[in-house]
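Q: I have a model open and want to go through its side-chain contacts. Can you take my questions one by one?

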Amino acid sequence: MLRAWLFITSYLTSYTSEMVTNKEKESQMVVIRLSRIGSVNKPKYRVTVADSRRPTCGKFIEVVGTYNPNPRGKEKEVELNLEKVNSWISKGAQPTARVKSIMKLAASAK
């Protein structure tokens, strides 16, 4: 009886500690994504670093650039601080697929 109780308590302790570490890992996910700032029929986007649990156009940690899919006149299509983006990626931030393509555009423009 005592052995069974010790086994169950040790199992539950290890199981709950694994759950806590998994929740901590999920809560620390940082993403680099776009958030829309343009008006109707004139889209413009900020390239932001944000917590993955936040809404797309909600709170963010830092703005690392802008993206204008329809530049007019002297407006630039991509303004991106690649040094900041690379530093966030080295810290573990995950860029979205669209941000990866924008990074390629910014790198080819320089």
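Q: Which residue forms a salt bridge with Asp51?
A: Arg53 does, with the closest N and O atoms 2.8 Å apart. A salt bridge here is a side-chain nitrogen of Lys or Arg within 4 Å of a carboxyl oxygen of Asp or Glu.

Q: What should I know about the model before going on?
A: It is a predicted model, where local features need pLDDT of at least 70 and side-chain atom pairs count only at pLDDT 80 or more, while totals for chains, interfaces and linings use all residues. Residues are numbered from 1 along each chain as its sequence is written, and side-chain values use heavy atoms, with hydrogens and water left out.

Q: Back to Arg53: buried or exposed?
A: Arg53 is exposed at 60% relative accessibility, whereas Asp51 is buried at 17%. Buried means under 20% relative accessible area, exposed over 50%, and partly exposed in between (1.4 Å probe, protein chains only).

Q: How many salt bridges does the structure hold?
A: The structure holds 3. One of them joins Glu62 and Lys84, at 3.1 Å from N to O. That pair links distant parts of the chain, with Glu62 in strand S3 and Lys84 in helix H2 (residues 82–90), 22 residues apart. Helices (H or I, at least four residues) and strands (E, at least two) are DSSP runs, numbered from the N terminus.

Q: And what does Lys44 pair with?
A: Lys44 forms a salt bridge with Glu75, and their closest N and O atoms are 3.9 Å apart. Lys44 lies in the loop between strand S1 (30–36) and S2, Glu75 in the loop between S3 and strand S4 (78–80). Lys44 is partly exposed at 37%, and Glu75 is partly exposed at 38%.

Q: Changing topic, how many aromatic pairs are there?
A: There is 1. Tyr45 and Tyr67 are stacked, 6.3 Å centre to centre with 25° between the planes. Rings of Phe, Tyr and Trp (its six-membered ring) pair if their centres lie within 6.5 Å; planes under 30 degrees apart count as stacked, over 60 as edge-to-face and the rest as tilted.

Q: Where do those two tyrosines sit?
A: Tyr45 is in strand S2 (residues 45–51) and Tyr67 in strand S3 (residues 62–67). Tyr67 is buried at 6%, while Tyr45 is partly exposed at 22%.

Q: Last one: what does Met103 touch?
A: Met103 touches Leu80, Leu82, Val85, Asn86 and Ile89, not counting residues up to four places away in sequence; contact means heavy atoms within 4.5 Å. Met103 is in helix H3 (residues 97–109) and is buried at 16%.
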